Amino acid sequence: MVANFLSTGTVLLLSGFAAAAPQLHPAPFSHPRPGPALGRFSIDFLPAFKALQSAASDVGSTSTLGTSATGTKTSATSSGASSPQGTTVVSTHISTVAATVTATVTKVDTAQHGTATINVSGNTPASTGLATQIKPSPSPFGGPARGSYRGPAFLPPGHSLAPGLPQWQTNGNSPLGTFDAPRLPPWLSGPFEGGQSPWGGRDPYNTNPYNSPPETGVTRKYQFNIAEGTIAPDGVERAALLVNGAFPGPTVEANWGDWIEVEVTNNLPVEGTTIHWHGLLQTATPWMDGIPAVMQCPISPNGGTFTYRFKADLYGTSWWHAHYSAQYAGGILGPMIIYGPHDSSYDVDLGPVLLSDWYHTSYYDLVEQTMAPIAANALPPISQNNLINGKMNYPCANATGLKCTPNAGISKFNVTSGQSYRLRLMNTGSEGIQKFSIDGAKLTVIANDFVPVTPYDVDVVTLAIGQRSDVIFKANGKPTDAVWMRSTLGPSAFVGGCTLNDGISPEAVAAIYYQHANQSAIPTTNSSIPLSEILRCQNDDLSMTQPSYSITPPVVPSTTQVINITYQSNGTTNLFYMNNSTFRANYNDPVLLDAKLGKTDFPAEYNVYNFGSASSVRFVVYNYAFTGAHPMHLHGHNMYVLATGTGTWDGTVVNPGNPQRRDVQLLPNSVSLGGDPGFMVIQFDADNAGVWPFHCHIAWHVSGGLYINVLEGPDDIKNKMQIPSTMAQTCRDWNGWTDGGHVVPEIDSGL
């Protein structure tokens, strides 16, 4: 499909390097990853990297890695009076319609200290050069046959918005995107006295959500059956991996403080699987985070079962998804709603609004493309469409060789004039940054990820993979109005945009109908979002996003660890490296179970960073890989986001007294090939013993090894953690399957 609309351009080579280079170690190695005859290509050598690498002599040993960051550039500018800690502070005021937020910036020490110890033996790049991706030539919007369709929904002449396919054919058993989709209650029913909420007097401002969750005594139970199926979310029929026959999968709901129990049955014929409950802290159950090779062995195929049981320890909007290879790109995902307190006024909770890029190729073929040999000179995975709640149309004249039904059906919503609505936005895609808007409307952001924030108004909501924002939409139109809801990926990254799409259908639309509108009518509204905003590959400025509950992180953490991200060759394939080490999972050897046995020495490819008894950890992450912005996700924590920018962090911290907290943050792209890196500075309180992944949430990037494991509180894991026997039994079941002559098709990092 991609080959029909994309032509390979010239190979881009790196030359020159102005920024301070990371410390790299030059040990050639061959990573044991089979791959088909596809690939990404082009390497040139950087003198700065070569000089540093030739001087390195400790490869193969256990080493502390990284460089000290000193200030040259930053995303904020500071000046002002001296603070008691010797830092510099300045206050600025950010005014919005929703609220006036006072933002401050402070400068702190940037030097590394107390760094983790990791093993990089035999796991370093094979060359000293940085690689880049092949540059395609995207198609124009709508493709060559654009003139055959009307409007942003790609309607053939004479068509209304009456869908051309039934819901069961486009999305299986999912009600999302239809008028039958349920609206959400303030909370779920339970044994609560006098109609009181399950969380009592707790609210976003007076309650620390990390140490004061309620105890409801309620368990919400679900059953997931994972199997292969066929769907056509945009009219293009393709094979998929489905949960309970639905795409998107079923909505998991609970009240804050409930327990959630999900029995998962894996009916896939040859693949294991696991489910990750994105954003939950798993403070009482770190073995239930759902990452194969980290907390558990995979659930074995052909009827294997595993029951997840964990507490809804945070509240708000999130999602669940497979974490085995890139399976969630095949369809194993769904929304997760944890009801909790809020201080915002709205009339109706419209529920989840899932935004996802979409591919007409199976996830496994896309992983093969990702992991292809360099010599194949192939393109990276490139999306063909974009979906809202699993639905969009596609201009079928472009679907050469595929079964495609035009006007298959877009998502629709009903509203009433004068009412306000909560939309629970989530980017559940594989690669693309989403830009969400409603024509003619301001949106009030009330939460980012699982963190309520002081409300602020925006015209467009930016969401990277894994991120969520709860927004309020005021339905100020006339009773007969019909309005477009939009989520756009924008132009291809290869022509200045943020996302790898083929250019044909990067914008998903849904129809919002007021109470007396014709529910098949085509909206005639237009977007006023400027192209400059669509091309901005960053989250909202940190000065705008202040959590409702104020927490001040330590000015001087126990550990400051620099992490350099590069994209380099292992001798066969281009992979991502974090401090000169790429990741590969061993499904038969979960790190957490090893740590419980007291193990602290791990194979290099596990990328384990042991922070010992550190009470707080700061990461200064530099992106030298010119492969786009990275949505970096930390499991087991809401991280403080202290700074983002390009160049070298100069110690500036935005809102040091109450910085933005979330579980996914966009790390900016490097400025150019061989130019200044993008950076972000995050910090977390190391108060949750476990093994916690820190990785890019782009499916193809984590497939390529952009991942580390944070080993937190190893002594507590060994001496205090009571891991249930079901975890060992799951490994016995998995080992029995793999020892029975079955070959595990692990062609990527495994995650």
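User: Which side chain makes a polar contact with the side chain of Thr652?

Analyst: This is a predicted model, where local features need pLDDT of at least 70, side-chain atom pairs count only at pLDDT 80 or more, and totals for chains, interfaces and linings use all residues. Residues are numbered from 1 along each chain as its sequence is written, and side-chain values use heavy atoms, with hydrogens and water left out. A polar contact here is a pair of N or O atoms within 3.5 Å; within protein, one must be able to donate a hydrogen and the other to accept it, and residues adjacent in sequence count only if both atoms are side-chain atoms. At 2.8 Å, the partner of Thr652 is Asp650.

User: Is Thr652 buried or exposed?

Analyst: Thr652 sits in strand S34, residues 652–654 (strands are DSSP runs of E, at least two residues, and helices runs of H or I, at least four, numbered from the N terminus). Buried means under 20% relative accessible area, exposed over 50%, partly exposed in between, using a 1.4 Å probe and protein chains only. Thr652 comes out at 1%, so the label is buried.

User: How many disulfides does a search of the whole structure find?

Analyst: The criterion is a pair of cysteine sulfur atoms within 2.5 Å. Cys297 pairs with Cys731 at 2.1 Å, Cys396 with Cys404 at 1.9 Å, and Cys498 with Cys537 at 2.0 Å. The count for the whole structure is 3.

User: What is the handedness of the disulfide of Cys297 and Cys731?

Analyst: Both cysteines are buried. Cys297 is in the loop between strands S13 and S14 and Cys731 in helix H9, so the bond ties together parts 434 residues apart in sequence. The torsion about the S-S bond is about 95°, so this disulfide is right-handed.

User: And Cys537 in the link to Cys498, what is its relative accessible area?

Analyst: That link has -90° about the S-S bond and is left-handed. Cys498 is buried at 10%. Cys537, by contrast, is partly exposed, with a relative accessible area of 22%.
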